[in-house]
Amino acid sequence: MRLTVKILQGGECCVNVPETAKVSEVKTCVEQLLNVQAASQRLVFKGKTLADDMTLTEAGVTEATKIHMMVKKGEGVAATTTNSTSPSPASSSKTPAPLPPLDFFVQLDAFLSKHLTQEQTNKVVNEFRKNCQLMVDSMNFEDIERFAASGCTEF
């Protein structure tokens with residue numbers, strides 16, 4: 001079944017999962033698409049928080065349902081580099097982490113899902129994400145300066 005998961009005051013994505021899928025499986029799909037750690041997600045349907053071990057059928061979720069997602073306070077976007085550190089308790093108690101913006105990959109997913117199946121869309125977006133990361137990893141400082149000076153249009 002196809003579901004829409006929407007971050008409060010943020011982006012959204014569509015996932016295609018079987019009716020018998022557990023909420024934890026939906027969170028894993030959402031993590032890949034919106035870059036929000038599964039452990040940080042709280043999925044809400046009809047005003048009730050969905051337990052990870054609950055199946056979508058048990059929760060009463062049906063085709064084309066919209067599920068709302070809240071990011072747990074003090075947690076945020078999944079780390080994309082291996083050398084990042086967790087926020088210290090002092091910094092997380094002051095202000096909650098910002099919600100991820102509606103990024104390019106979310107927009108790409110939304111556009112492609114209108115033209116492809118969700119499985120095809122996921123493959124294209126994930127492959128594009130990998131290729132972008134490879135390009136960024138291969139850039140040196142001069143490449144970055146040149147790319148920025150071109151308005152991020154030429155590499």
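Predicted model: local features only at pLDDT ≥ 70, side-chain atom pairs only at ≥ 80, totals over all residues.
Residues are numbered from 1 along each chain as its sequence is written, and side-chain values use heavy atoms, leaving out hydrogens and water.

- Q118, T121 and V125 of α5 are buried (under 20% relative accessible area, with exposed meaning over 50%, using a 1.4 Å probe and protein chains only).
- These residues cover an arc of only 55° around the axis, so they lie on the same side of α5 (the arc is taken from the directions from the helix axis to the C-beta atoms).
- Facing away from the buried side of α5 are exposed residues, including E119, K123 and K130.
- The buried residues of α5 pack against β1, β2, α1 and α4 (104-113), where contact means heavy atoms within 4.5 Å.

**The sheet**
- Five strands form an open sheet with mixed pairing, in the order β2-β1-β5-β3-β4 (strands pair if DSSP finds at least two bridges between them; strands are DSSP E runs of at least two residues, and helices are H or I runs of at least four).
- β2 (12-16) and β4 (48-49) stand at the edges, each with a single partner strand, so one side of each has no neighbour in the sheet.
- β1 and β2 pair antiparallel over 5 bridges, and V5 stands opposite C13 in β2.
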